[in-house]
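The report that follows describes one predicted model and takes its parts in turn. Please keep the sequence and the structure in view while reading.

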Amino acid sequence: MSVGIVSYGAYIPRYRIRVEEIAKVWGANPNSIIDGLMVYEKSVPDLDEDTITIAVEAARHAINRAGIDPQEIGALYTGSESHPYAVKPSSTVVAEAIGATPNLTVADFEFACKAGTAAIQTCMGMVDSGMIKLGMAIGADVSQGAPGDALEYTAAAGGVAYVIGKKDLVANIESTYSFTTDTPDFWRREGMPYPEHGGRFTGEPGYFKHVSSAAQGLMKKMGTKPSDYDYAIFHQPNGKFPTRVAKMLGFSSEQIKPGLVVTRLGNTYSGSCMMGLAATLDIAKAGDRIFMTSFGSGAGSDSFSYTVTDRIEEIRNGAPSVEKLLADPIYINYATYARHKNKIKL
Amino acid sequence: MSVPRFWRRLKNIYNLIGTHCEKCGSFLYPPRNMCPKCRRNGMTIPFKFKGTGEVLTYTIVHTGAKDYTKLTPYILAIIKLDEGPQLTSQVICDHSQIRIGMKVKAAFRKLGEESEKGMIYYGTKFVPMEG
Amino acid sequence: MRDVAIIGVGCTEFGELWDKSFRELFVEAGVSAIEDANVAGGKIDALYVGNMSGGRFIEQEHLGALIADYSGLASLHIPSTRVEAACASGGLALRQGIIAVASGYHDIVIAGGAEKMTDVGVETTTDALAAASDREWEGIMGATFPGLYAMIARLHMHKYGTTQEQLAAVAVKNHHNGTMNPKAQFQNEITIDTVINSVMVADPLRVFDCSPISDGASAVVIASADVARKYTDTPIYVKASAQASGTISLHDRPDITTIDATVAAANWAYKMAKLTPKDINFAEVHDCFTIAEICAIEDLGFVKKGEGGKAAESGLTAIGGKIPVNPSGGLKACGHPVGATGVKQAVEMVLQLRGEAGKRQIDGANIGLTHNVGGSGGTAVVHIFGRDK
Ligand SMILES: [Zn+2]
């Protein structure tokens with residue numbers, strides 16, 4: 001397969017809330033939460049930001065980074081579990097706002113935290129088949145955690161966009177492999193504001209089984225092993241899960257370090273491991289190999305194997321790095337956070 | 001604003017697409033179908049502005065407009081685009097940071113929504129230019 | 001063109017008039033104007049009704065007919081026309097009446113203005129007023145009227161060093177004048193501290209920098225100079241009537257701190273009256289916000305551009321000053337029922353020029369000027385009145 005990443009762009013809102021601040025409200029011990037989750041703070045959208053505005057900013061960064069002609073984008077998919085409309089695509093707004101309309105196909109994807117990587121796979125197939133020249137796959141969320149729920153400490157906001165094509169690649173996608181079962185570990189019913197989850201059931205039968213099965217499946221298919229890779233990224237609902245699954249699979253903490261953005265960002269859901277990949281590409285050199293596995297509750301995982309090309313140097317500074325987006329945050333208290341997250345009904 | 005009325009101008013608002021008069025060279029935003037200088041002799045074509053400019057004047061609105069009560073207080077400003085035209089928009093930054101002459105760039109944000117059930121309006125606001 | 005005079009004036013009190021409807025307000029003002037002129041209803045050739053937003057404020061359009069009907073003029077089938085130019089609707093109705101008489105088309109007409117703003121909630125009122133700006137390119141971006149004038153004020157302060165206290169001095173002066181006007185919405189004195197410590201509306205404008213939401217109506221009887229003396233010994237002559245348009249959006253002005261429609265209308269008016277700003281004894285200007293009065297006295301040529309801030313502070317524009325501005329209390333203290341304002345300014349002219357303005361009478365008032373603005377300056381109307389033709 002000669003398909004890969006032509007460009008990428010990320011966006012993170014500037015607001016952050018610290019885990020201590022949330023713990024204080026619910027009378028929880030912040031240290032035990034930080035130890036348990038390995039997350040210190042999470043991003044919070046501005047009052048006028050949502051999944052669509054975040055997706056547009058990420059998409060524009062991807063367009064600008066490599067000087068993409070938006071009219072060459074033949075397909076655009078936005079993966080999210082927090083599309084502002086239940087019916088009416090986020091992707092039409094994004095396509096219009098980057099100047100990609102009208103000659104393209106778009107749709108919104110939803111698969112908990114892996115809708116964005118499913119979008120990458122869809123674009124890969126369409127590019128490789130010759131249906132389209134370029135495809136854009138976006139993962140973006142302003143994820144919701146119910147007040148006081150464990151998810152509230154990590155549910156964050158951010159988005160990442162990848163342009164998939166055949167020419168001028170910054171990273172070849174050598175192969176991809178998916179593992180999917182019907183495992184109801186987490187869901188949100190139509191019209192409900194907050195998701196429900198199975199507590200510890202989301203761990204072993206959910207995250208660990210699917211991530212490790214997809215990862216092992218890809219390495220088996222390709223005949224690779226963890227030591228063949230310079231970097232690895234696993235879906236990051238917190239800091240602990242990806243660290244543990246990396247260890248289980250035989251990846252070192254050094255390999256996952258550049259992409260482990262969750263500790264300072266929280267879980268950006270559909271943007272999660274795609275953000276880790278963006279942070280890794282920000283520092284990768286030509287020839288580096290990167291391993292990535294997403295996870296979406298419900299449940300499934302998509303694994304990818306990438307090799308970075310020397311074009312990475314040419315486009316690296318064309319858009320803000322993840323590190324830059326994480327820098328200079330504005331810390332807010334819980335009351336402001338509640339207002340930003342529309343938890344106060346007017 | 002009604003849905004068709006917003007939809008008609010949505011591309012302009014999302015992407016700062018205004019008008020260029022090829023006759024006199026004027027750059028116009030908001031878009032116009034007649035050049036105010038050349039009038040009937042003008043030759044107007046759509047023109048996409050870069051989205052960079054500076055704050056000409058501003059205010060911090062404490063009693064917000066109807067669709068903006070959730071955002072109040074907010075910074076309302078007149079932005080002079082680098083290509084010349086001036087427009088009204090909001091600047092997203094710390095309220096102590098805003099000043100006349102501040103360099104800004106376009107950002108994509110929610111403008112408002114009709115209600116929890118209604119249409120959501122998106123468009124261009126401005127954020128400080130880095131550095 | 002014939003010479004034209006005002007032979008009768010009437011005005012309701014301005015304020016939150018809970019027990020009075022739109023039509024009652026207009027009829028009250030109209031009847032007092034007719035009684036003042038001592039004209040029989042049958043002599044009226046036409047009615048002009050200035051109103052900004054009956055549709056939003058009282059969900060009533062077709063106001064010309066409504067007013068003709070409730071003035072008892074429906075059976076006479078007198079033509080009645082509603083005129084709209086946002087906050088300049090009154091000034092425009094006055095001008096339509098003047099043009100109708102000056103042209104010889106009519107001999108005696110009534111021009112009035114009315115607004116009933118308190119029948120709806122403040123949010124609807126604010127939104128209806130915002131419709132005077134460009135809804136598509138200002139309103140949707142979150143522009144409010146105080147917001148637009150606040151941006152003028154911010155730039156004026158930046159360019160000319162105008163201060164918060166100088167803005168406040170306009171409100172203090174106009175409140176003081178209001179204490180002498182029994183029709184005024186606010187008849188209480190305030191201090192600089194009252195203004196600068198009041199609630200912020202749109203930085204740097206505070207609630208005491210803003211004119212209020214008001215109900216009210218005013219009317220004048222306009223006649224050709226030939227017949228005027230039949231009705232009154234003190235006709236007040238219209239020396240000039242000018243109207244100018246500007247960009248509807250504030251952002252499109254070449255200079256944000258200059259309402260160029262005011263400059264244009266004033267220049268035309270001075271030319272028409274063969275006068276200069278120095279010849280004007282007093283003025284009623286459009287002070288919807290304190291900064292608006294500062295810009296107005298600059299744009300009308302009473303002071304140099306940039307020096308408007310000092311005028312109220314130094315007493316230049318006080319009653320007894322070199323050029324008294326807004327002796328009625330202005331929009332700020334007298335109140336601003338938008339459609340009525342432009343006509344009320346003419347009522348004040350007539351009272352002052354007749355020497356009937358009571359405690360707020362300006363000594364030696366021979367020539368006065370009114371200035372009425374629609375929106376942030378999309379329309380400006382300037383009239384000059386005198387005791388002589
Ligand atoms: Zn032209």
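## Basis and the buried cysteines

B:Cys35 is buried, and B:Cys38 is buried as well, where buried means under 20% relative accessible area, exposed over 50% and partly exposed in between, with a 1.4 Å probe and protein chains only.

This is a predicted model, in which local features need pLDDT of at least 70 and side-chain atom pairs count only at pLDDT 80 or more, while totals for chains, interfaces and linings use all residues. Residues are numbered from 1 along each chain as its sequence is written, chains are lettered from A and ligands numbered from 1 in the order in which they are written, and side-chain values use heavy atoms, with hydrogens and water left out.

## The zinc site in chain B

Both of these cysteines are among the donors of the zinc ion, which is coordinated at 2.3 Å by the SG atoms of B:Cys21, B:Cys24, B:Cys35 and B:Cys38. Donors here are N, O and S atoms within 2.8 Å of the metal (3.2 Å for Na, K and Ca), and water is not among the atoms, so sites may look incomplete. Along the chain, the donors follow the spacing C-x2-C-x10-C-x2-C.

The 4 donor atoms make angles of 102 to 114° and the site is tetrahedral, a label given to four donors if all angles lie between 85 and 135 degrees. For comparison, the ideal angle at a metal with four tetrahedral donors is 109.5 degrees.

## Which chains touch

Of the 2 pairs of chains in contact, chains B and C share the most contacts, contact meaning heavy atoms within 4.5 Å. Chain A and chain C do not touch, and their nearest C-alpha atoms are 12 Å apart.

## The interface of chains B and C

This contact takes 35 residues from chain B and 27 residues from chain C. The two chains bury about 2800 Å² between them, with 65% of it on carbon and sulfur atoms; buried area is the accessible area (1.4 Å probe) that two parts lose on being put together, summed over both. In chain B, the residues that lose the most area to chain C are B:Lys66, B:Thr88 and B:Ile100, together 19% of what that side buries.

Between chain B and chain C there are 2 salt bridges, each being a side-chain nitrogen of Lys or Arg within 4 Å of a carboxyl oxygen of Asp or Glu. C:Glu136 forms a salt bridge with B:Arg5, their closest N and O atoms lying 2.9 Å apart. On the side of chain B that touches chain C, the elements giving two or more residues are H1, strand E4 (52–61), strand E5 (74–81) and strand E6 (86–91) of chain B, and E4(B) provides the largest share, 6 residues. Helices (H or I, at least four residues) and strands (E, at least two) are DSSP runs, numbered from the N terminus.

## The interface of chains B and A

Here the contact takes 20 residues from chain B and 24 residues from chain A. The area buried between them is about 1800 Å², and carbon and sulfur atoms give 49% of it. In chain B, B:Lys70, B:Phe108 and B:Arg109 lose the most area to chain A, together 32% of what that side buries.

The rule finds 5 salt bridges across this interface; B:Arg109 forms a salt bridge with A:Asp48, with the closest N and O atoms 2.7 Å apart. Helix H1 (3–15), strand E7 (103–113) and strand E8 (120–128) of chain B are the elements that give two or more residues to the side touching chain A.

## Two buried polar residues

C:Lys344 is found in helix H14 (residues 338–354) of chain C and is buried, with a relative accessible area of 3%. A polar contact of 3.2 Å joins the side chains of C:Lys344 and C:Ser328; a polar contact is a pair of N or O atoms within 3.5 Å, where within protein one must be able to donate a hydrogen and the other to accept it, and residues adjacent in sequence count only if both atoms are side-chain atoms. Leaving aside neighbours within four places in sequence, C:Lys344 is in contact with residues including C:Cys11, C:Phe14 and C:Glu284.

A:Thr280 lies in helix H10 (residues 272–283) of chain A and counts as buried at 0% relative accessibility. The side chain of A:Thr280 reaches the backbone oxygen of A:Gly276 at 2.7 Å.

Methods
Four donors count as tetrahedral if all angles lie between 85 and 135 degrees; four count as square planar and six as octahedral if opposite donors are over 155 degrees apart and all others between 65 and 115; anything else is irregular.
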